[in-house]
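Dear colleague,

Please find below the structure that I am handing over to you. My findings follow it.

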Amino acid sequence: MTQIIGGKTPQPQHGANPSHPISRAVGTPAARQVLVDADSSGQRLDNFLMRHLKGVPKTHVYRIIRSGEVRINKGRASADTRVQEGDMVRLPPVRVSEKMADKAAHPAPAREFPLLHEDEHLLAIDKPAGVAVHGGSGVSFGVIEQLRQARPQAKFLELVHRLDRETSGILLVAKKRSALTHLQDQFRERETGKTYLALVQGVWPAKLKVIDAPLHKYLLPDGERRVRVTTADDPDGMRSITLVKVRATAAARPAQGLPAMSLLEVTIKTGRTHQIRVHLASQGHPIAGDDKYGDFELNKRLQKMGLKRMFLHAWRLQFTHPASSERLQLLAELPPELLSFAPQPS
């Protein structure tokens, strides 16, 4: 197994252009022909179109497919048709909203991130906390949009998996569609090893090494997403398995109003939303600094001492390289803002 530790901050690449590579004015552009390259081969037509028709609503994408306005090699095709290398796809004129046109005219700022590994198939970065992995509700851009702006020459950059915005650590990005498919298959089939470092309240019981408890997603009245542990007979519960190993403990500091705390190595066998945060909190040991499932009074005390974020870091990732089949292990050490709060192994 090849092991890669730490990262380096890359130098800005020559030719990085802060402006969007394709500008669309509000209105109706002309029809165009797009040649399918090797990286797009095997992709569903609907997904192919969504990548090339940024800002066009999904409903409209499916409408132009059904109407026959989209053609592959001059013939009609369905949404689930797989495009192949060398195919010529006709994209009809489409109208882009003012909002989306404005977004295209003011793209995400170009940004590179500390690199843990890069080759022609994939790259791994050490994502800082506070940065979303992609744009979405309430977030105009994330890591992937910034990387694309910083690397205008890159034909293909796609997230392999996700990390919560508040979580730092290892994030994989595919540079080829074949790599994306191969890596996502590994994540889905649980063939990867994902281990996090988490600082939790209290002394974790050494005998508690496995948490096998289903999780249920729900929405608060304001629409914000939350997750809770549920029962095995809950039809909406998803089986979730978390492995826990105690790395170090810190004694209580009554003078500072701090309880004993434990630094854990947490390996997830399933990748559910907020899995680690909810599983650890359900055992009475919430993560320090967690503003959703944590001890809010403790968080306030820790914040005054300098812990301004949640103590959860994607520390180690093991996977099989999509091209060489070599087993890789990446390590991203704790960032300085967490390291100063981490108890040391005895």
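In strand S4, arginine 90 is the bridge partner of arginine 71. S4 (residues 88-91) and S3 run antiparallel and are joined by 2 bridges; strands here are DSSP E runs of at least two residues, and helices are H or I runs of at least four, numbered from the N terminus. The model is predicted, so local features need pLDDT of at least 70 and side-chain atom pairs count only at pLDDT 80 or more, while totals for chains, interfaces and linings use all residues. Residues are numbered from 1 along each chain as its sequence is written, and side-chain values use heavy atoms, without hydrogens and water.

The open sheet has 3 strands in the order S2-S4-S3, with antiparallel pairing (two strands pair if DSSP finds at least two bridges between them). S2 (32-35) and S3 (71-72) are at the edges with a single partner strand each, so one side of each has no neighbour in the sheet.

Helix H1 lies across S2, S3 and S4, at about 60° to S4. H1 (residues 45-52) also packs with H2 (residues 58-66) at an angle of about 125°, the axes being 10 Å apart (axes are lines fitted to C-alpha atoms, for helices over the stretch in contact; angles run from 0 to 180 degrees between N-to-C directions). In H1, Leu45, Asp46, Leu49 and Met50 meet Lys58, Val61, Tyr62 and Ile65 of H2 (contact means heavy atoms within 4.5 Å).

As for confidence, the mean pLDDT of the protein chain is 89, with 88% of its residues at 70 or more (pLDDT is the predictor's confidence in each residue, from 0 to 100). Over residues 13-27, the pLDDT is below 50.

With kind regards
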